[in-house]
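Here is a report for a reader who is new to this structure. Look through the sequence and the model, then read on.

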Amino acid sequence: MTKKVLDWKLYEEAALECASEGIVLLKNDGALPLTEGMKIAMFGRAQNHYYKSGTGSGGMVSVSHITDIREGLEGSGLVTVDKDLSSIYDKWDLENTEYNNLGWGREAWSMEEMPMTEDIVKEARARCDAAVIVIARTAGEDRDNSAKEGSYFLTAKEKDMIRLVTSNFERSVVVLNTGNIIDMSFVSEFDPSAVLCVWQGGMIGGKAAADVLTGKVNPSGCLADTIAKDLADYPSDENFGKTGLTDYYKEDIFVGYRYFETFAPEKILYPFGFGLSYTSFAFEDLKTGKEDGGIKISFDVVNTGNVPGKKACLVFVKQPEGKITKPLAVLAGFSKTDVIAPGKKIRMSIDIPLCRLVSFDDDGRAGLGTGWVLEEGEYEFFLGGCLKDSVRIGSYFNEKSYLTEKIEPVAAPIEEFDRMTREGFEKAPLRKDEYRDLKERVIPDETVQTGDKGIKLADVKSGKCSMDEFIAQLSDEELSLIIRGEGMGSMKVTMGTAGAFGGVTKSLSEKGIPAVCCADGPSGMRLDSGKKAFSLPNGTCLACSFNTDAVEKLFGYTGLEMISCKVDTLLGPGINIHRHPLNGRNFEYFSEDPLLTGLMAAAQVKAMEKNKVTPTIKHFSCNNREKDRRKMNSVVSEKALREIYLKPYEIAVKEGGARSIMTSYNRVNGMFTANNYEHNTVILRQQWGYKGIVMTDWWASISKDGKPVEEFSLTEHSVMARSQNDLYMVCHEVEEEFIDESDVMEEIRSGKEDKIARPELQRSAANILNFAMNTPAFERLTGDDIKIVHENDPFGEDDVDVTVDKYYDVDNGCEIEVDQDTSEGKDLVFGVTGRIPGEYDMVATGISDLGRLAQIPVTVFITSIPVSVMSWNGTEGKEEDRHAKFYIFPHSSKSLTVRIHPGRPGVKIVKIKISYSGPLSGHPFGDG
């Protein structure tokens, strides 16, 4: 066993660096930074209701404290916050506590704003030097933003507040605590002195915002998305959730700045890459050179202003128009300086491999076949922040067009639609057949089954035996079960996590296969047991930092935290593209740009892999809206797939070394991604050389070829495995008694050619075992694990009220009619007494009016120890049972306190039944 130190103070500093560097200053007429000694009037209810992240699985991190923006300013020691105005807000806030958070997928996008009067504003102006106005928004899983007031648009009360403040204060700052971009027309309408996008910076986000507001940190963030003047200006707008279950990606490769810079620069309000500083910079001694495999850009960055600061340096390339459609320019590389003192300079260099200059030819129009093509002509390079303000560095001339990589076009659409080009619109190239015939799939050679030879997985790791020899021991039943994950809240791994896979049955575990633990992300670990974790800055914020080194440093600490919680893979980052501003999960994702997205993901992969934990990058692919996400169909050309939507995954695999990928719920060109052979085998493994595992999203839709979308299944694991999606996540329980809850055994028994073949299951088993063999879970089994030593731990133990009003005798069983409403997320506490040592079953009957994909974790604590998580999905108003177990041990107290803790609102527990199920034999405490 080795020891590593997790210093939480350094962890917090790394998070603060990322959160503050991701903050983008959009406007500053001299109001910022706030001068030391100033008295600040704070407006907006969100000043002490900071949104640390968006909603859903990507944001459900349990924290002990969230630093809001008011608290951050008060603690800065540089300015004071007006207490009279704060008291007015606090009083109103206490009297108006209804936030309309109605459960999973129904959360309010914002809180109702306090009505503002001119008298309040004038009185505050008489006392204060400047005003800070906080506007906040959230959205998330199953909850897209909306083109309504209170979501994408400001409410009438918010506008009235901004109008009154800006008309009375000479120095007014609007701070936007949002997951992604919102309508910015208020800037020209009310003309605030400064505008700051602080995004959702995690649990320390309010401090990061205060550091930038007061000038302790000089803003250096740049927009990872284009902010257009109007929502309808985005080229995807007419095909975002407006055409039923099908979104036609008619804009093709022209996403974000690729569209605006090419066709409509006049519609840009704030361009991609834009961000102001409290100082100024210049570029000097710009050089461009051709090196093996790419272009090297080198330059000096000079601080020409009066305060220290960092500078994000973006390189764009303008490609020759040629025969293949291209946008005006694309991001080719970026880097960020360290802090540069006034009058000083830093030499920087950015390497641009030729693979970032190529275009995908999906129909052979360049005359070279299909694949990646570097066309003849001049490639011009520009350096700066946004493209408009960039300076030309130099160019590279390619003498002759050539194919850099021949690619079989396997992902083209089957449905005719028009796609955008530089010249107008054209018919997108279609595939010849509706679905690839799975009879043509590559089936590996079968490993002859030998039965159990006593070989353990550790023997494979040590080289004593081969993986084939180990897999030969696995029966058909074991092969059927190893491709299933268990969750949520499996008892076989860390309490309250999303799932377990690998050694989740008794027979698999006995062969030395660890149960691998995965926890929701990407904004930190979701631990539904109530255990606290570090809440990280959101994807948008991280991307706007343009600092992969800082992100890698931060997620190195996250990796250590994962080990301390016995979590092997974090379900994130999400690396779908910001195709449209209303996607509810944009807060999880990084950017409208695939290179920026891919390099941010690669940084996280490399950081976590240093400790053998790893992220699971998701959602592969085109999960670009939440509405009807289980049924929706993204119809997109293969060119757009390759250049935009698949590209981040390719970068994360080839440059980051990603080894765990989650598919999405939706269909892409008519087929569910969970069983898409072209994506999961041909592109991912054959063309990219991927060696890791692929898993479904939780309770994913699966459909055999050609089956109507209305008939999707959760149990057709055979077609999933045939596509080389290795793991179905999740089943409530994975054991042999539930083996026929999947169609795999039935297909294996049939022996028909059009059914799953045994070697395909053995192949997925090998993928899973190779992954599991390189996890902390495996090292814990072999005694080679890492022990985490915590320093400056901010969490400690939480004080929870567990006052017991009533006890129930469980020796002869009991049934409890619950008269408390748990649907609002309040704990249910009661006591049990029992004289008979043994194992007890608890069955809770609950009702939820939420939809089937809602996730409501309910943790069962016995004397403050979490013993089980009962995971409800929405029940659509029907009663459903969930099961848990607990134990009464010999020599222990026979009076136990039971606390049932809903991790979030949404389920009303109406009845609990407890019964004795058997003695403690086989339990580690069974012999007393």
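Val255 sits in the loop that links strand 9 (246-248) to helix 8 (257-263). Helices (H or I, at least four residues) and strands (E, at least two) are DSSP runs, numbered from the N terminus. Val255 is buried, at 1% relative accessibility. Buried means under 20% relative accessible area, exposed over 50%, and partly exposed in between (1.4 Å probe, protein chains only). Beyond its neighbours within four places in sequence, Val255 is in contact with Ile577, His578, Arg579, Glu592, Ile644 and Tyr645. Contact means heavy atoms within 4.5 Å. Val255 and Val551 are 296 residues apart along the chain, and their C-alpha atoms are separated by 25 Å.

The model is predicted: local features need pLDDT of at least 70, side-chain atom pairs count only at pLDDT 80 or more, and totals for chains, interfaces and linings use all residues. Residues are numbered from 1 along each chain as its sequence is written, and side-chain values use heavy atoms, with hydrogens and water left out.

Ile644 and Tyr645 are also among the buried residues of helix 16. In helix 16 (residues 638-645), 8 of its 8 residues are buried.

Next comes the core. A nonpolar core is a set of buried Ala, Val, Leu, Ile, Met, Phe, Trp, Tyr and Cys residues joined through side-chain atoms within 4.5 Å. The largest one has 255 residues, and Phe43, Phe381 and Trp698 touch the most other members. Helix 15 (residues 594-609) gives the largest share of this core, 9 residues. Another core, of 32 residues, lies apart from it and includes Cys814, Ile816, Trp872 and Ile909.

The axes of helix 4 (residues 118-127) and helix 5 (residues 156-168) come within 10 Å and cross at roughly 35°. Axes are lines fitted to C-alpha atoms, for helices over the stretch in contact, and angles run from 0 to 180 degrees between N-to-C directions.

Ile135 belongs to strand 5 (residues 130-136). Ile135 is buried, at 1% relative accessible area. Among the residues that Ile135 touches, beyond four places away in sequence, are Glu158, Met161 and Ile162.

Most residues other than glycine have a negative phi, and most peptide bonds are trans. The table lists exceptions.

| Residues | Feature | Angle |
|---|---|---|
| Gly521 and Pro522 | cis peptide bond | omega about 5° |
| Met729 to Val730 | cis peptide bond | omega near -5° |
| Asp191 | positive phi | phi near 50° |
| Gln724 | positive phi | phi about 70° |

Pro522 is in the loop between strand 25 (515-520) and helix 13 (539-545). Val730 is in strand 34 (residues 728-731). Gln724 lies in the loop between helix 19 (717-722) and strand 34.
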